[in-house]
Amino acid sequence: MKGNEQKRPGRAGALPWFRGVLAFGLALGLLGQGTGSARAAEDVAVLGPAEVRRVIPVGRAVGIKLFSDGVLVVGFSQIPAEGGSVTPAKESGLKEGDIITHINAAEVDTIEEVQEQIRQIGGKEMSIRALRDGKTVQVTTQAVQCSTDGTYKLGAWLRDSMAGIGTVTYYDPATGEFGALGHGINDVDTAQLMPMESGGVLSATVSDVKKGQRGEPGELHGDFVLEQDIGQLMANTSHGIFGTLADDGLAAMEALEVAAKDQVETGKAFIYSNISGDEVKAYEVEITKLFPTAKDGRDMMVKVTDPALLAATGGIVQGMSGSPIIQNGRLIGAVTHVLVSDPTQGYGILAQRMLETAEACLK
């Protein structure tokens, strides 16, 4: 129902839809376009002396679906009513980025549950409980009867799930855990890290590539295998998404040592990425700069130098987030963002930071 509580098409689409939701791709961010979201949540990892670990670099594109814990308010619209157009949700004090968790005493996690509560309550007063910046807020409002179709509406655009394509960075054969993206899944309208109730990983193949150019980063397009999840998503953080894989079918390479922060240096490196079908190839890059005090995942600047990758994609494109970076035989990090002004360059996060975040989230 247009103008009511439903999923609002975002501004950076062109990726497959899941359960009627917008694919997240790699959204606008940082100095320009991210291969993912630009706005980081509070950092949970503090780099210290690294325990030597070995994990398998992956580099495979996968489908990723996430269902939110609560329903995110992403915008408002006016409802034509008998006394004129009104926006009850906004007038009640709700704001973009609020996460609705309850209507009266009923917990709501999906748009359908919100719609059902409004249908039952009708034009009576209702209490809405929501999270805002981690704190609980409560407002009181009344839905209005739309003069167009006769249904009761609040005039809020909502989102309860997201899906898209991204790249798995590593797989730990000792635990079955994986890390991907190197950044969080953020809502495309509010830039807020999506609160996660559940999620899954699906097999995918890359069907085509929109080549990046200055001012307009490209993107991978993929086809998902919907019949069965190959993994479970367990955490959505500013340093990546983490979970477990049902099998190690994606992990075709040998395990490598994870580099400590002080083992990463400027100079030649390789990224492993899947830009066609399900084939993972190594492409040459250069680490041009390191950021010693970075905490938000911008630990290094990466420049694509490989002629084959530049010819195929123009550099870093949306969907390549999570592509593992290898240097001197070690896994040093993952690609996370691309610069809008120059798609041959982008940012990378340290693998050590991803592993420490995963340990904090999954223990």
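Student: What is the relative accessible area of Glu116?
Tutor: Glu116 comes out at 31%, so it is partly exposed. Buried means under 20% relative accessible area, exposed over 50%, and partly exposed in between (1.4 Å probe, protein chains only). This is a predicted model, where local features need pLDDT of at least 70 and side-chain atom pairs count only at pLDDT 80 or more, while totals for chains, interfaces and linings use all residues. Side-chain values use heavy atoms, without hydrogens and water, and residues are numbered from 1 along each chain as its sequence is written.

Student: OK. Which side chain does Glu116 meet in a salt bridge?
Tutor: Arg119, at 2.7 Å, N to O. A salt bridge here is a side-chain nitrogen of Lys or Arg within 4 Å of a carboxyl oxygen of Asp or Glu.

Student: And how far apart are Glu116 and Arg119 in helix H2?
Tutor: Three residues in H2 (residues 111-121), so about one helical turn separates them. Helices (H or I, at least four residues) and strands (E, at least two) are DSSP runs numbered from the N terminus. Arg119 is exposed, at 58%.

Student: How many salt bridges in the whole structure?
Tutor: The search finds 11. One of them joins Asp172 and Arg53, with the closest N and O atoms 2.6 Å apart.

Student: Which parts does that pair tie together?
Tutor: Asp172 is in strand E13 (residues 156-172) and Arg53 in the loop between E2 and E3, so the linked parts are 119 residues apart in sequence. Asp172 is buried at 6%, whereas Arg53 is partly exposed at 23%.
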